[in-house]
Amino acid sequence: MMKNASLRQLKVFESVARNLSYTRAAEELYLTQPTVSIQIKQLSEIVGQPLFEQVGKRIYLTDAGSELLKVCREILEGLSRFEMYISDIKGVKTGKLRLAVITTAKYIIPRILGQFCQRFPGIDVSLKVTNRERVLQRMHENLDDIYIFGNPPDNIDVHTEIFMENPLIVLASSKHILSKEKNIVPERLADEYFIIREPGSGIRLSTDQFFAEHNVKIKVRMELGSNEAIKQAVAAELGIAVLSAHTMVSDWNSEELAYLDVRGFPIRRQWYLTYPRDKQQSVVALAFMDFMHKEGSAIGKKYLQGIPSFPISR
Ligand code: PGA
């Protein structure tokens, strides 16, 4: 039956299924909404099952729709890998590179991508920056080529390469009483209020692990989903925070912020470049991995020189 489905119908279906919206799919594909609806209707007729169901104003994939989405992604990915392979044979790298990275990587990855895109002008890049849980979710849905984590996934078989150091520091207002103290014991922080990342964040996970290992129960004043917002809250003396040293790249000279000399910090962590081991990588994604190997960390370190005493060397 599926022999009668056209590639165009599958592309339209993939977009509606990903966006869970006919309107957004129509915008994305530069089509009218009635055209999108007709394509989906024809495809459901070919399948002989509804692909979406409507509850109130929202649409959801049916079981048949979810299965078809998996097949569609394989077909479309296979075709785009093939296109990239052909352009590689012709000696030009063209195609799309899709990256999903955790929030701390945004301080470095755009710099590296800048140079990568100059080297390979035919490559289009999409970069999704979000927290660990959502990057994991994207990996489950096979939405991107390469994923960057600070704590790599432990329940999926992934290819993993360490890319750079990503240490965690304790940040406080420079007016904070502890900012002048040396060798603070972690237990002392139980008296302080913390501004902390949301559950699902890798920073949150590592912070919780550290204090659990030291039997310290911290007091949380506020949970925020953004490293930048946390820095502002710390500067406003609302509390102290555990953040990646990278978030300080353009603030190290800030007169408002200080990093605390707490025993056990900086917590040594790394960034990991990962993808599911069974994923067939495109030529473009492999070119990116190769670029990261050969030049990525050097470019990254150059931009980190903005942090005078990058704490990992202490
Ligand atoms: P997060 O991850 O954005 O999920 O907190 C950042 C990191 O682990 O460095």
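This report describes the overall build, the nonpolar cores, the ligand surroundings and several local features of a predicted model.

**Overall build**

The chain contains nine helices and 12 strands. Along the principal axes, its C-alpha atoms fill a box of roughly 75 × 50 × 35 Å. Of its 314 residues, 47% count as buried. The accessible surface of the chain comes to about 16200 Å², and carbon and sulfur atoms account for 50% of that area.

**Nonpolar cores**

In soluble globular proteins, nonpolar side chains tend to be buried together. In this model, the largest nonpolar core has 34 residues. Those with the most contacts inside this core are L97, L99, I109, I146, F163, W271 and F288. Two or more residues come from each of the strands β3 (95-102), β5 (146-149), β6 (158-165) and β12 (270-276), and from each of the helices α5 (109-119), α6 (132-140) and α9 (283-304). Helix α9 gives the most to this core, with eight residues.

F163 illustrates how residues of separate parts of the sequence meet. Leaving aside residues up to four places away in sequence, F163 touches I108, I109, I112, W271, L273, M292, G296 and S297.

**Surroundings of the ligand**

The ligand is surrounded by 13 residues, of which the closest are T103, T104, R132, G202 and R269.

| Residue | Protein atom | Distance to a ligand oxygen atom |
|---|---|---|
| R132 | backbone N or O atom | 2.7 Å |
| I203 | backbone N or O atom | 3.1 Å |
| R269 | polar side-chain atom | 2.7 Å |

Taken alone, the ligand exposes 280 Å², and the protein buries 100% of that area.

**Helix α8**

Helix α8 comprises residues 227-235, and within this helix N227, I230, K231, A233, V234 and A235 are buried. Against which strands do the buried residues of α8 pack? They pack against β7 (168-173), β8 (193-197), β9 (219-224), β10 (241-244) and β11 (257-260). At the start of the helix, a side-chain oxygen of S226 reaches to within 3.3 Å of the backbone nitrogen of E228. Just after the helix, E237 takes a positive phi of about 65 degrees.

H246 is found in the loop between β10 and β11. Is H246 buried or exposed? H246 counts as buried because its relative accessible area is 0%, which is under the cut-off of 20%. Its side chain reaches the backbone oxygen of E165 at 2.8 Å.

S201 has its place in the loop between β8 and α7 (202-213). With 3% relative accessibility, S201 likewise counts as buried. The side chain of S201 reaches the backbone nitrogen of R204 at 3.0 Å. Leaving aside residues up to four places away in sequence, S201 touches N131 and R132. R132 is also one of the residues closest to the ligand, and a backbone N or O atom of R132 lies 2.7 Å from a ligand oxygen atom.

Notes
Residues are numbered from 1 along each chain as its sequence is written. This is a predicted model: local features need pLDDT of at least 70, side-chain atom pairs count only at pLDDT 80 or more; totals for chains, interfaces and linings use all residues. Side-chain values use heavy atoms; hydrogens and water are left out. A nonpolar core is a set of buried Ala, Val, Leu, Ile, Met, Phe, Trp, Tyr and Cys residues joined through side-chain atoms within 4.5 Å. Buried means under 20% relative accessible area, exposed over 50%, partly exposed in between (1.4 Å probe, protein chains only). Helices (H or I, at least four residues) and strands (E, at least two) are DSSP runs, numbered from the N terminus. Contact means heavy atoms within 4.5 Å. A residue is near a molecule or strand if one of its heavy atoms lies within 4 Å of it. A polar contact is a pair of N or O atoms within 3.5 Å; within protein, one must be able to donate a hydrogen and the other to accept it, and residues adjacent in sequence count only if both atoms are side-chain atoms. Accessible areas come from the Shrake-Rupley method with a 1.4 Å probe; for residues, only the protein chains shown count as cover.
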